[in-house]
Amino acid sequence: MTPIDLRSDTVSKPGPEMRRAMAEAEVGDDVYGDDPTVNRLEAMAAERLGKEAAVYVPSGSMANLIAVMTHTRPGDEIVLGSECHIFNYEVAGAARIANVLTHPLKNREDGSLDVAEVASSFRERGLHTPVTSLLCLENTHNRCGGATIPSADITELASIAHTHGATVHLDGARIFNAAVALHTDAAEIARDCDSVSFCLSKGLGCPVGSLLCGPTDFIEEARRNRKLLGGGMRQTGILAAAGIFALEHHIDRMAEDHANAARLADGLRQFEGFRPNRPRSNIVVIDLVRGTAGEWLGPLRAAGVLATPFGPRRLRMVTHINITGGDVAEALKRIDQAVAAVAI
Ligand code: TLP
């Protein structure tokens with residue numbers, strides 16, 4: 001039995017057309033700026049995100065870390081949501097490598113932040129205080145169940161940061177999911193942010209890679225920081241070609257992933273032990289009425305469904321390009337078997 005892999009959209013595999021584009025990519029040494037395919041991908045990314053320039057990096061975590069390093073100086077403070085990826089899942093890179101103080105503000109369930117709290121988080125400059133120089137936002141919001149943050153909210157928060165002389169970075173790992181779900185474009189969502197990163201290796205279905213987009217001088221400095229972190233790659237057009245293919249072919253289809261996530265959540269709601277969210281995009285977060293995440297993962301795996309733990313009594317299931325409507329129906333059947341088989 002082939003497992004239905006709902007652990008993340010990062011598990012998706014490139015299809016034959018994407019692999020062909022990769023095999024045929026024209027390449028050069030990207031550290032010299034010589035790789036025409038990377039250059040094309042960076043130009044496309046900047047254009048799609050409405051920014052002057054972009055730099056291709058190996059991962060979303062590196063894109064965020066480079067953004068933090070480039071926007072701040074060691075000893076600065078950054079304000080961010082308590083549930084965001086930078087704060088929870090990047091091995092404290094902002095603290096360890098960018099040397100900044102992280103100041104988390106509580107994310108509400110819908111991924112939003114309290115406007116008054118954000119406003120009061122910027123410190124007065126003084127002899128004793130760190131400089132609050134960056135606000136980090138996330139859209140869609142992973143730990144908040146793929147919540148979509150409306151552009152108007154981002155505008156309001158960005159304007160507060162800018163009033164205090166700070167910059168804004170948007171972790172848009174899944175910004176195209178947000179754009180499709182909100183019926184807008186990614187550039188509109190990122191408009192008031194100084195920089196935005198997005199991942200090719202999630203809903204866009206590529207094997208590797210992320211882009212960091214922003215003003216030309218910021219991206220030049222970001223390239224230096226990429227080199228510092230060991231992220232300068234060479235004939236990487238082979239990977240970038242997948243990104244070009246995905247930006248051309250894989251954005252609109254994300255609506256299918258969102259419909260599949262909604263179907264999955266509707267099905268899960270029928271089981272009395274599971275309380276799924278109402279997914280806004282491709283992430284289903286399930287609160288467990290009985291048992292722990294650890295107790296459920298094994299039986300689900302045995303029944304042929306892979307999920308991730310997302311808290312002691314919470315699971316996550318993510319739809320993606322390799323999951324069809326049929327797979328969702330089959331996953332629900334298998335989950336039914338798991339529920340029947342265990343005495344949790
Ligand atoms: N998220 C992964 C895990 O790390 C949790 C996942 O499976 O969802 N920003 C956001 C909002 C992300 O969700 C992720 C990956 C990243 C950044 C980092 O991307 P990578 O994994 O490429 O470093």
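This is a predicted model: local features need pLDDT of at least 70, side-chain atom pairs count only at pLDDT 80 or more; totals for chains, interfaces and linings use all residues.
Residues are numbered from 1 along each chain as its sequence is written, and side-chain values use heavy atoms, with hydrogens and water left out.

Colleague: Is Thr37 buried or exposed?

Modeller: Thr37 is placed in helix α2, residues 36-49 (helices, H or I of at least four residues, and strands, E of at least two, are DSSP runs numbered from the N terminus). Buried means under 20% relative accessible area, exposed over 50%, and partly exposed in between, with a 1.4 Å probe and protein chains only. Because its relative accessibility is 10%, Thr37 counts as buried.

Colleague: Which backbone oxygen lies 2.4 Å from a polar atom of the side chain of Thr37?

Modeller: Not counting residues up to four places away in sequence, Thr37 touches Ala25, Glu26, Gly237, Ala240, Ala241 and Ile244 (contact means heavy atoms within 4.5 Å). The backbone oxygen at 2.4 Å from the polar side-chain atom belongs to Glu26.

Colleague: Which strands are the edge strands of the open sheet of seven strands?

Modeller: The open sheet has mixed pairing and the order β2-β8-β7-β6-β5-β3-β4 (two strands pair if DSSP finds at least two bridges between them). An edge strand here pairs on one side only, and the edge strands are β2 (53-57) and β4 (101-105).

Colleague: What is the bridge partner of Leu134 in β6?

Modeller: Strands β5 (residues 132-138) and β6 (residues 167-171) pair in the parallel sense over five bridges. In β6, the partner of Leu134 is Thr167.

Technical notes. A polar contact is a pair of N or O atoms within 3.5 Å; within protein, one must be able to donate a hydrogen and the other to accept it, and residues adjacent in sequence count only if both atoms are side-chain atoms.
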